[in-house]
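Biologist: I would like to learn how to read a model of this kind, one feature at a time. Where should we begin?

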Amino acid sequence: YLVPTLRTYGITPIAFAGVPVVFPYRLDGVNGQVALSMQVLGAILLGDVTNWNDSALALLNPTLSLPNKPIRVVLYSSQTVATQLVSLALSQVVDGWSDRVSPATGINVRFPVRSSNQTIVGSIIDKRAWLTLLQSVDGTLGYAQYPDIRSFDYTDCAFNRNGVIVTASTDTTTLAMQSFEPKIKASIIWSGALVNALDLNAWPVCGFVQSGLSL
C-alpha cells in the first residue's frame, strides 16, 4: 500500500518493516491474557498503579481474578528504541505525562517508576538474560521490540482500546502501518514511530524501518 506514495517522491521501496513493541509479563495463578490500556500503562510507569488488582486493571479485565501482588516493572539499564516508542505513545494520550517524565520523549527517557522499590533493571543487550530476569519473578511486567525476543517463549499483554481487545500480531501491526503515511527524508534509510493508530483494531505501539532506492 505504501509503494505508490513512495514512488511519488522518486523512491523505489526495497523494504518496509513494521515492528511492534510487546509487553511480556509473569503473573502466576491467572488464567487468561491480561489486558492493558495506554492510560493504565502510563499510570504503571508513573508509579500511580502499583498492584495487579488495582481497580483500573480490574475494570479492563472483568473475567480475570487478578491477585493482590505488586507490579514489578522490568526496565532497561540503557536506552532503547522500545523505551522511546513507549514514551512517545504515552505522551500523546496520558494527561500530565510531559510534566512528570523528563524528558517526555527522546533518547534519555527515565520513567518515575524507576525510583520505586518495585522496579527491576536489566540489560536488553543479552536478550535471553533480560527475558529470564522478567520471567524469574512473579508479578513482573516489561516491554521490548518483538524482534528482540521473538525466539523465546513468553506471555504478553493484550490492549483494551476503548473496548476493543487487540493482541500483537502481523495483522494488527499491518493495520498500524496502514494508518500512517511515511515522512520521506533525504536519506534512503529511515525509521519512525507508528503509535496510537486511529483504527482501534491496530496495535498501539509500533515502529517502522524503511529502505529505498532514490532514482
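Modeller: With the naming of elements: helices (H or I, at least four residues) and strands (E, at least two) are DSSP runs, numbered from the N terminus. Just after helix α2, for instance, Gly47 takes a positive phi of about 85°. The model is predicted, so local features need pLDDT of at least 70 and side-chain atom pairs count only at pLDDT 80 or more, while totals for chains, interfaces and linings use all residues. Residues are numbered from 1 along each chain as its sequence is written, and side-chain values use heavy atoms, with hydrogens and water left out.

Biologist: How many helices and strands does the chain have?

Modeller: The secondary structure comes to eight helices and 12 strands.

Biologist: How is confidence read, and which average pLDDT does the chain have?

Modeller: pLDDT is the predictor's confidence in each residue, from 0 to 100. The chain averages 83, and 83% of the residues score at least 70. Over residues 1-6 the pLDDT is below 50; this stretch has 17 contacts in the model beyond near neighbours in sequence, a contact being heavy atoms within 4.5 Å. Residues 183-190 also have a pLDDT below 50, with 19 such contacts. Where pLDDT is low, the predicted coordinates should not be read in detail.

Biologist: What share of the residues counts as buried?

Modeller: Buried means under 20% relative accessible area, exposed over 50%, and partly exposed in between (1.4 Å probe, protein chains only). Of the 215 residues of the chain, 45% count as buried. In α2, eight of nine residues are buried, among them Met38, Val40 and Leu41.

Biologist: Which residues touch the most other members of the largest nonpolar core?

Modeller: A nonpolar core is a set of buried Ala, Val, Leu, Ile, Met, Phe, Trp, Tyr and Cys residues joined through side-chain atoms within 4.5 Å. The largest has 61 residues, and Phe23, Leu45 and Val86 touch the most other members. Helix α2 (residues 38-46) gives the most to this core, with seven residues. Leaving aside neighbours within four places in sequence, Phe23 is in contact with residues including Leu41, Val86, Trp203 and Val205.

Biologist: Which residues of helix α6 are buried, and why do they lie on the same side?

Modeller: An α-helix has 3.6 residues a turn, so residues three or four places apart point the same way. In α6 (residues 127-135) the buried residues are Trp130, Leu131 and Leu134. They are on the same side because they cover an arc of only 90° around the axis, the arc being that of the directions from the helix axis to the C-beta atoms. They pack against elements including β4 (72-76), β5 (119-122) and β6 (140-142).

Biologist: What does Thr140 touch?

Modeller: Thr140 lies in strand β6 and counts as buried, at 0% relative accessibility. Not counting residues up to four places away in sequence, Thr140 touches Leu134, Pro24 and Trp52, among others. The side chain of Thr140 also reaches the backbone oxygen of Val137 at 3.0 Å.

Biologist: Where is Arg110 found?

Modeller: Arg110 is in the loop between α5 (97-100) and β5. Arg110 is partly exposed, with a relative accessible area of 38%. Arg110 and Gln79 are 31 residues apart in sequence and 8.9 Å apart in space, C-alpha to C-alpha.

Note on methods. A polar contact is a pair of N or O atoms within 3.5 Å; within protein, one must be able to donate a hydrogen and the other to accept it, and residues adjacent in sequence count only if both atoms are side-chain atoms.
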